[in-house]
Amino acid sequence: MAGLGDLLGRAVLWPFVLLARLIDLPLRVWQRWTGIGGMAAVFLAPTLLIFGVFVLVPLGLNFAYAMTGGTGILLGERPFVGFEQYGRLLECEDYTRRLTCREDQFWTAVGNTGVFVIFQVTLMVAVSLITALILNRNIRGRGFFRAVFFFPVLLSPVVVGLIWRWILQRQGLLNLIMVNLGLDPQVWLNDRFYAFAATIGVSTWAHMGFYTLILLAGLQAIPRDLYEAAEMDATPPTRVFRRITLPLLAPNLAVVLVLALIRGVQIFDEVYVLTGGGPGTSTLFLTQYIYEAGFASILRNPGLAAAASILMGAVLVVLTLLQLWLSRRAEGGRVR
Amino acid sequence: MGQITLRGIRKSFSGVDVIHGIDLTIADGELAVFVGPSGCGKSTLLRMIAGLDRPTTGTIEIDGQDVTRTSAAERGLAMVFQSYALYPHMTVRQNLSFGLENTRMPKNDITARVDDAGRMLEIMDLMDRRPTQLSGGQRQRVAIGRAIVRNPTAFLLDEPLSNLDAELRGSMRAELAGLHDRLKTTMIYVTHDQIEAMTLADKIVVLRKGVIEQVDTPLGLYNRPQNLFVAGFIGAPNMNFFNAVAVDGQAELPGGLRVAVPGNGPVTIGIRPQMLHLADPDAPALTGTIRLIEALGAETVVHAAAADGTAMVVVLSGQPALRTGETIRLAFDPDALHVFGADGQRLD
Ligand SMILES: Nc1ncnc2c1ncn2[C@@H]1O[C@H](COP(=O)(O)OP(=O)(O)O)[C@@H](O)[C@H]1O
Ligand SMILES: [Mg+2]
């Protein structure tokens with residue numbers, strides 16, 4: 001009766017069966033002790049443990065570090081300094097001149113991040129909306145293009161940064177093509193303007209597939225016959241877009257806008273690999289500033305980094321609340 | 001004006017033929033109903049007339065002008081969709097004026113037109129609501145209003161009442177008929193419900209599998225169905241059919257009753273349930289065994305099996321004393337018979 005397949009199955013299952021037997025007894029004992037209600041705690045414990053160790057405890061530590069000074073790594077070695085780190089970040093002699101600030105790099109990073117977010121989010125919403133509109137039409141190879149635009153989302157940010165570095169560096173692919181076309185090669189990543197533009201372009205390229213997908217889902221949820229009704233009414237295409245597509249896509253657009261804002265503020269990995277914040281500090285963004293202040297600079301100052309990250313966290317909390325509010329409102333007032 | 005002519009219309013979707021050559025003229029001011037079972041191509045035909053789909057071959061004319069290649073926008077027709085297709089984010093007033101705003105019509109005129117339609121359909125008090133805040137019947141009125149304000153050459157309605165409950169359907173049907181009487185605009189009305197077709201239509205187009213089976217007035221279809229399909233489709237309950245063989249102008253119904261029929265060879269003899277009545281005791285009769293009696297008061301519907309087992313339905317007036325299991329003896333006027341040949345076409 002016991003065929004080869006059966007044996008093989010047993011062999012594969014054996015470790016799991018053993019594991020189940022091992023945890024069976026403690027679980028029984030626990031249940032006898034606490035009753036059936038106590039079992040919920042057992043099953044929640046692993047998740048709560050992970051959440052606690054990797055989220056709650058670091059969050060608490062962060063607040064603690066932000067109140068301490070010195071260069072020590074262990075909290076015990078660090079003297080309490082109150083709100084001095086926040087003061088240091090926010091202190092300037094003349095608030096109209098960045099260089100008079102004590103932590104002028106922090107303000108550089110804040111300014112860069114602000115400019116980046118304004119341009120990158122605008123570009124992101126525009127590009128993903130246009131892409132979604134095109135992909136929503138009955139074009140040839142629609143499935144193929146949908147995949148093409150989504151692939152970069154699956155890439156690790158480091159890979160994204162590296163790919164574009166190989167393309168944009170002095171002896172990179174882009175310059176090779178330009179030379180072959182008889183054009184002058186450019187030092188893309190060593191030019192303040194081009195490097196900043198590259199961070200915007202590359203991060204947009206890397207994430208637009210995700211936002212395109214959200215917008216595409218929204219477009220496909222708009223009933224077809226609304227467009228046919230508009231067609232019967234001789235509605236010009238621009239008016240169809242303004243009066244039908246945009247209003248019905250508004251909830252999805254709001255979600256895209258806020259998500260892009262949040263991720264824009266957090267921008268780090270692909271830019272760090274691509275430009276390293278340079279040339280100079282022209283592509284230094286907040287997360288990189290925090291990383292360098294805390295871990296990478298010679299005078300590393302974990303307290304300062306912690307304080308900066310809490311300030312950034314406050315901005316993100318506001319944006320997240322905005323997103324929650326928008327999506328709730330969208331759910332409540334939606335007519336579909 | 002609003003005369004619509006279809007010539008040799010065919011339509012296939014990715015190689016599958018759905019409409020197989022339709023020739024049809026709908027006169028100006030006529031209320032034509034396309035009726036047929038689900039999937040027979042009614043919507044497809046209507047969408048081609050609207051301009052939302054292009055026929056694979058054939059031409060469409062409106063008032064003598066070939067509009068086959070003309071866009072939906074330029075045909076001057078208005079459509080009422082089965083789903084109503086109201087703009088969900090706009091108020092009723094905005095829904096009604098949206099189409100007019102595409103023309104160069106002055107604002108005051110638009111307001112006047114929308115108000116006219118609103119009064120006609122009694123939806124003035126709903127003007128500031130959104131479609132989600134309306135009942136099914138109210139949405140239906142708004143959808144019709146949106147078509148009316150455009151003052152179209154013809155109205156196209158695709159199963160407009162199918163989402164309403166039975167009672168509302170009856171009253172909206174009467175309103176639509178009234179509306180057509182007042183506007184005198186051509187209407188093409190699609191439905192799978194033969195009662196809707198019979199009550200509304202000036203002319204009924206019976207479709208099956210992308211082919212026109214018959215075009216006639218409601219009573220014309222009822223009295224002289226040209227084939228078995230139409231005979232079975234129009235009229236409720238359905239017509240009774242008996243298979244027989246005609247020899248020398250005579251055929252035998254189950255149970256031995258002989259009737260005069262045209263033609264020779266195998267035939268199908270049809271008789272409507274309402275055309276049968278109880279036979280005199282010693283007169284020759286069509287006999288059957290009663291299986292089920294539905295006493296509705298004013299009339300009694302009897303389901304019976306003929307001698308050869310063929311199921312038949314009889315609608316008798318009043319409340320005759322009958323019992324399940326008994327034999328029923330039926331008589332009829334020979335003129336009430338419909339006889340169809342082996343190919344399903346009417347003989348005579
Ligand atoms: N866009 C389409 N693509 C493929 N087949 C279709 C399409 N529209 C309709 N059909 C087919 O054409 C036939 C007729 O459809 P339709 O006109 O909607 O029927 P009805 O309105 O009479 O119920 C059906 O078999 C349907 O599956
Ligand atoms: Mg249909």
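Modeller: Strand 1 (residues 4-13) and strand 2 of chain B pair in the antiparallel sense over eight bridges; two strands are said to pair if DSSP finds at least two bridges between them. Within this pairing, B:Ser12 stands opposite B:Asp17 in strand 2 of chain B. The model is predicted, and local features need pLDDT of at least 70, side-chain atom pairs count only at pLDDT 80 or more, and totals for chains, interfaces and linings use all residues. Residues are numbered from 1 along each chain as its sequence is written, chains are lettered from A and ligands numbered from 1 in the order in which they are written, and side-chain values use heavy atoms, with hydrogens and water left out.

The pair belongs to an open, antiparallel sheet of four strands in chain B, in the order 2-1-4-5. Strand 2 (16-26) and strand 5 (65-66) of chain B have a single partner strand each, so one side of each is left without a neighbour in the sheet. Strands (E, at least two residues) and helices (H or I, at least four) are DSSP runs, numbered from the N terminus. Helix 1 (residues 42-50) of chain B lies across strand 1, strand 2 and strand 4 (57-62) of chain B, at about 120° to strand 1 of chain B. Axes are lines fitted to C-alpha atoms, for helices over the stretch in contact (heavy atoms within 4.5 Å), and angles run from 0 to 180 degrees between N-to-C directions.

Two packed helices are described by the angle between their axes and the distance between the axes. For helix 8 (residues 192-220) and helix 5 (residues 142-154) of chain A, the axes come within 6 Å and cross at roughly 130°. Helix 5 and helix 8 of chain A are therefore oblique to each other. The axes of helix 8 and helix 10 (residues 237-265) of chain A come within 9 Å and cross at roughly 160°, which makes helix 8 of chain A roughly antiparallel to helix 10 of chain A. Angles under 35 degrees count as roughly parallel, over 145 as roughly antiparallel, 65 to 115 as roughly perpendicular and the rest as oblique.
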